Every structure is written in structure tokens, then in C-alpha cells.
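Student: I have a new model open and would like to learn how to read it. Could we go through it together, one feature at a time?

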Amino acid sequence: MKTRKLIGELGCISPLIKMLDCKAVEEKEAAAKALSLLVLHAGNRRIFRKTEGGIVSTVQLLDPLIQNLDKKYPVSILASLLNSKKCRKQMIAAGASGHLKKLMEMDVEGSKKLLDGLGRGKIWGVFARP
């Protein structure tokens, strides 16, 4: 945790978010993997939320049409941001729900939990779902 905090304080999160928009799938996956570990620290989550385009870029990685990218890393990043109402709204606006439904069918780890978390905050979220 100490290392994660230091890496975040050194300003490595913004360049990693920019790497999510690269063309090469390998670069996107490496950035997503690093970010999924860094956002475990609360201070780094705050930096990630404030960095423009971070959530949108991460949601775009959920697209099932992007091949050869392990989807568990972007799912992990977004799952760590579920406590923020603002972040949930940004995820929904970026189209995360549609991608997550497809990922659930593909049995991607954590996609069901993330989709359920996006539905939270609505009055109907209080009632049990079938």
C-alpha cells in the first residue's frame, strides 16, 4: 500500500490513463493492469476520479469487440469507483451497462457485481432482483 501511495503521489496515474487510449492492445492492458492495482489506495482513486477521461476510457475497454484484452482489469478499476455517485453516473453515461451485460454472458470475473453496483442508488435498487 505504501508503494501504491508513492506511485500515485509521483503523478503516474495521469500518464497511465492516457495509455488507455493508445492503439496497441498490449499498452492498454498494461495500463489497465497497473491502474487496477493503484486504485486500491483511496488517494489514488481520488486522483483517478479527478483526471478527465479516466472513467470514459476505462468503460471503452469493456467493449467486447476489443479482442485480446483481459476485461477483468477495467472491471476491477470501475468496481473500485462504485462508491462515488458521480462516478456511477459517468459510467452509465459512457455506456458501461450495455458492455457489462455482454461481459456477463461471456462470464467475465466481476462483471455481474459491477452491473449490480451501477443499478444501486435508485429507489428500485432496494428491492430484491429476480
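Tutor: Gladly! Let's begin with a term: a salt bridge is a side-chain nitrogen of Lys or Arg within 4 Å of a carboxyl oxygen of Asp or Glu. Side chains of opposite charge can pair when their charged atoms come close. In this structure there is one salt bridge, and Lys112 forms it with Asp116, with 3.4 Å between the closest N and O atoms.

Before we go on, a word on the model: it is predicted, with local features needing pLDDT of at least 70 and side-chain atom pairs counted only at pLDDT 80 or more, while totals for chains, interfaces and linings use all residues. Residues are numbered from 1 along each chain as its sequence is written, and side-chain values use heavy atoms, leaving out hydrogens and water.

Student: Where do Lys112 and Asp116 lie?

Tutor: Both are in helix α9, four residues apart, which is about one turn of the helix. Helices here are DSSP runs (H or I, at least four residues), as strands are (E, at least two), and they are numbered from the N terminus.

Student: Is Asp116 buried, exposed or partly exposed?

Tutor: Start with the cut-offs: buried means under 20% relative accessible area, exposed over 50%, and partly exposed in between, using a 1.4 Å probe and protein chains only. Asp116 has 35% relative accessibility, so it counts as partly exposed. Ser111 is also found in α9, and Ser111 is buried because its relative accessible area is 1%.

Student: Which residues does Ser111 touch?

Tutor: Contact means heavy atoms within 4.5 Å. Leaving aside residues up to four places away in sequence, Ser111 touches Val75, Leu100, Leu103 and Met104.

Student: How do I read which side of a helix faces inward? Which residues of α7 are buried?

Tutor: Look down the helix and see where the buried residues point. In α7, which spans residues 85–93, they are Cys87, Arg88 and Met91. Seen down the axis, these buried residues fall within an arc of 100°, so they line one face of α7; the arc is that of the directions from the helix axis to the C-beta atoms. The face turned away from this buried side carries the exposed residues Lys85, Lys86, Lys89 and Ala93.

Student: What do the buried residues of α7 pack against?

Tutor: They pack against α4 (42–50), α5 (54–60), α6 (72–80), α8 (96–105) and α9 (111–119).

Student: How many residues are in the largest nonpolar core?

Tutor: A nonpolar core is a set of buried Ala, Val, Leu, Ile, Met, Phe, Trp, Tyr and Cys residues joined through side-chain atoms within 4.5 Å. The largest one here has 30 residues, and those with the most contacts inside it are Leu35, Phe48, Ile55, Met91 and Leu100. The elements giving two or more residues to this core are α2 (13–19), α3, α5, α6, α7, α8 and α9. Take Leu35: beyond residues up to four places away in sequence, it touches Ile13, Leu16, Ile17, Leu20, Phe48 and Ile77.

Student: What about loops? Is Val39 buried or exposed?

Tutor: Val39 is found in the loop between α3 (25–38) and α4, and its relative accessibility of 1% is why Val39 counts as buried. Its contacts, again without residues up to four places away, are Asn44, Arg45, Phe48, Ile77 and Ser80. Leu40 is found in the loop between α3 and α4 too, but at 41% relative accessibility Leu40 counts as partly exposed.

Student: I also hear about phi angles. Which values stand out?

Tutor: Most residues other than glycine have a negative phi, and most peptide bonds are trans. Here Asn68, which is not a glycine, has a positive phi of about 60°. Asn68 is found in the loop between α5 and α6 and is exposed, with a relative accessible area of 71%. Asp107 also has a positive phi, near 60°; Asp107 lies in the loop between α8 and α9 and is exposed at 68%. Just after α7, Gly95 takes a positive phi of about 95°.
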